[in-house]
Amino acid sequence: KQEVQAAVHRLQMLLRMAEITKLEEHIKCSRRADAIKEEKLGLLTYNLASAESQIALDSEEASQKRQAVREERMAALNKKHKAEEDKMKTNEESYNTQSKRLKEKLRELEANLA
């Protein structure tokens with residue numbers, strides 16, 4: 001009976017550790033995603049200021065090159081942002097799978113105790 005109680009306790013600790021890890025990963029990904037959003041906002045602000053200052057002062061070709069560079073940078077930021085969102089989703093799914101398995105095992109052990 002003591003062995004089963006010890007196993008129950010271990011599983012409960014594993015569940016808590018899994019939840020803490022999930023939350024830590026979520027926070028890390030959220031912070032990175034927020035930093036990317038800030039960078040995107042900065043790029044958009046810069047784009048606007050640049051567009052206003054370049055009106056009628058530049059050749060069409062130079063303007064198009066700058067626009068292409070900005071679009072490329074925004075695409076890279078969008079890709080990084082999506083990657084962080086995907087990491088959060090994967091982390092959540094992984095936790096849910098692990099948690100479900102641990103809870104099932106915990107129920108089995110608790111049933112053995114009863």
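Mentor: Start with Lys22, which counts as buried because its relative accessibility is 14%. Buried means under 20% relative accessible area, exposed means over 50%, and partly exposed is in between, with a 1.4 Å probe and protein chains only.

Trainee: Where is Lys22 placed, and what does Lys22 touch?

Mentor: Lys22 sits in helix H1. Not counting residues up to four places away in sequence, Lys22 touches Asn91, Glu92 and Tyr95. Contact here means heavy atoms within 4.5 Å.

Trainee: What kind of model is this, and how are residues numbered?

Mentor: This is a predicted model, in which local features need pLDDT of at least 70 and side-chain atom pairs count only at pLDDT 80 or more, while totals for chains, interfaces and linings use all residues. Residues are numbered from 1 along each chain as its sequence is written, and side-chain values use heavy atoms, with hydrogens and water left out.

Trainee: OK. How many helices and strands are there in the chain?

Mentor: Two helices and zero strands. Both kinds of element are DSSP runs numbered from the N terminus: helices are H or I with at least four residues, strands are E with at least two.

Trainee: And what does the C-alpha trace span?

Mentor: About 85 × 15 × 15 Å along its principal axes. The radius of gyration of the chain is 25 Å, whereas a compact globule of 114 residues would have one near 13 Å. That radius is taken over C-alpha atoms, and the globule rule is 2.2 Å times the number of residues to the power 0.38.

Trainee: What share of the residues is buried?

Mentor: Buried residues are 23% of the 114 in the chain.

Trainee: Which residues make up the largest nonpolar core?

Mentor: Seven residues: Ala7, Val8, Leu11, Leu15, Leu102, Leu106 and Leu109. A nonpolar core is a set of buried Ala, Val, Leu, Ile, Met, Phe, Trp, Tyr and Cys residues joined through side-chain atoms within 4.5 Å. Helix H1 (2–54) and helix H2 (60–113) each supply at least two residues of this core. H1 gives the most, with four residues.

Trainee: Take Val8, then. What does Val8 touch?

Mentor: Leaving out residues up to four places away in sequence, Val8 touches Leu106, Leu109, Glu110 and Leu113.

Trainee: How do contacts look over the chain as a whole?

Mentor: Of those between residues at least 6 apart in sequence, 92% join residues at least 24 apart.

Trainee: Move to Arg73. Where does Arg73 lie, and what is Arg73 in contact with?

Mentor: Arg73 lies in helix H2 and is partly exposed, with a relative accessible area of 34%. Apart from neighbours within four places in sequence, Arg73 is in contact with Glu39 and Leu43. The C-alpha atoms of Arg73 and Leu43 are separated by 8.3 Å, and the two residues are 30 apart along the chain.

Trainee: And Asp34: buried or partly exposed?

Mentor: Partly exposed, because its relative accessibility is 42%. Asp34 is found in helix H1. Its C-alpha atom is 8.6 Å from that of His81, 47 residues away along the chain.

Trainee: Last topic, charges. How far apart are the mean positions of the positive and negative ones?

Mentor: They are 6 Å apart, for 23 positive and 21 negative charges. Lys and Arg count as positive and Asp and Glu as negative, with His and the chain ends not counted. Each charge is placed at NZ of Lys, CZ of Arg, CG of Asp or CD of Glu.
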